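Please look through the sequence and the model displayed below. The paragraphs that follow lead from the ligand to the elements and residues around it.

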Amino acid sequence: MTTRCVCPGSYDPVTNGHVDVITRVAALFDEVVVAVLHNPAKTGSFPVQRRIELIHESLPAQLQQSGRVRVEAFAGRLLVDVCRDLEATAIVKGLRSGTDFAYELPMALMNRHLTGIETIFVPGDPAYEHVSSSLIKEVFALGGDVTGLVPDPVLAAMEAQRAQRE
Ligand code: PNS
């Protein structure tokens, strides 16, 4: 039996914290589906297709070549329905802190209530404890240096986006 999990998120954009969790989880499951969940009514900072490309470009080459990680977008759907369609047996979330846990626990319990699917929490690398997509965007927009906190392709994409706006 193939073990398959889903790593859901907005990934707007993917950070080094995300990449770390996806990479570590890939050692535990046969297949990992990185699910970019988005609200079709909201634009976000990066278009969904660009978010997907950036995740692909940011994963370690060996993992990319393994073919065991898929990146797919899902709009306006319950995560549990996505998991059912994908025949995934677990949802995986990275946790940076107790605050993350407080935010994630009700969702994990609700998802289990809905279909019985379990959520597995993976402790994030403390090196990225302060890293979130929203904080990265805010710091970068105000001229801060986010080198080392996001993958190089993401930094390049943010710089290109800024150059376009100027
Ligand atoms: O990266 P984020 O923004 O923290 O990801 C949150 C996300 C997209 C994983 C969460 O909002 C979600 O699961 N959305 C899908 C809709 C859904 O199933 N909502 C009910 C959750 S109990």
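An oxygen atom of the ligand lies 2.8 Å from a polar backbone atom of Leu79. A polar contact is a pair of N or O atoms within 3.5 Å; within protein, one must be able to donate a hydrogen and the other to accept it, and residues adjacent in sequence count only if both atoms are side-chain atoms. The protein covers 68% of the 550 Å² of accessible area that the ligand has on its own; accessible areas come from the Shrake-Rupley method with a 1.4 Å probe, and for residues only the protein chains shown count as cover.

The model is a predicted one, in which local features need pLDDT of at least 70 and side-chain atom pairs count only at pLDDT 80 or more, while totals for chains, interfaces and linings use all residues. Residues are numbered from 1 along each chain as its sequence is written, and side-chain values use heavy atoms, with hydrogens and water left out.

The ligand also has an oxygen atom 2.6 Å from an N or O atom in the side chain of Ser10. Which residues are around the ligand? They are Pro8, Gly9, Ser10, Leu37, Arg77, Leu78, Leu79, Lys93, Met107, Met110 and Asn111, where being near a molecule requires a heavy atom of the residue within 4 Å of it. Strand S1 (4-9) and helix H5 (98-115) each supply at least two residues of this shell. The most comes from H5, which gives 3 residues. Helices (H or I, at least four residues) and strands (E, at least two) are DSSP runs, numbered from the N terminus.

The ligand sits in the largest pocket. On a 1 Å grid over the protein atoms alone, a pocket is an open set of points with protein on both sides within 12 Å along at least five of seven lines. A molecule sits in a pocket if more than half of its atoms lie within 2 Å of its grid points.

Ser10 is located in the loop between S1 and H1. Is Ser10 buried, partly exposed or exposed? Its relative accessibility is 44%, so Ser10 counts as partly exposed; buried means under 20% relative accessible area, exposed over 50%, and partly exposed in between (1.4 Å probe, protein chains only). Leaving aside residues up to four places away in sequence, Ser10 touches Val36, Leu37 and Arg51, a contact being heavy atoms within 4.5 Å. Ser10 and Ser134 are 124 residues apart along the chain, and their C-alpha atoms are separated by 10 Å.

Tyr11 has a positive phi of about 50° although it is not a glycine, and Tyr11 counts as buried because its relative accessibility is 4%. The peptide bond from Asp12 to Pro13 is cis, with omega near 5°. Another positive phi in a residue other than glycine, near 55°, belongs to Glu87. Glu87 is placed in the loop between helix H4 (79-86) and S4, and with 61% relative accessibility Glu87 counts as exposed.

At the start of helix H1, a side-chain oxygen of Thr15 reaches to within 3.2 Å of the backbone nitrogen of Gly17. H1 spans residues 16-25 and is mostly covered, with 7 of its 10 residues buried. These are Asn16, Gly17, Val19, Asp20, Val21, Ile22 and Val25. They pack against S1, strand S2 (31-38), helix H2 (48-58), strand S3 (69-75), strand S4 (90-95) and strand S5 (118-123). Asp20 counts as buried because its relative accessibility is 15%. Not counting residues up to four places away in sequence, Asp20 touches Gly124, Asp125 and Tyr128.

Helix H5 holds Glu104, which counts as buried because its relative accessibility is 10%. The side chains of Glu104 and Lys93 are joined by a polar contact of 2.6 Å, and Lys93 is one of the residues around the ligand. Glu104 touches Lys93, Leu95 and Phe121, again not counting residues up to four places away in sequence.

Finally, Met1 is placed in the segment before S1. Met1 is exposed because its relative accessible area is 85%. Met1 touches Asp30 and Thr89, not counting residues up to four places away in sequence. Met1 and Leu105 are 104 residues apart in sequence and 28 Å apart in space, C-alpha to C-alpha.

How values were computed. On a 1 Å grid over the protein atoms alone, a cavity is a set of points where a 1.4 Å probe fits but cannot get out, and a pocket is an open set with protein on both sides within 12 Å along at least five of seven lines; lining residues have an atom within 4 Å of a point.
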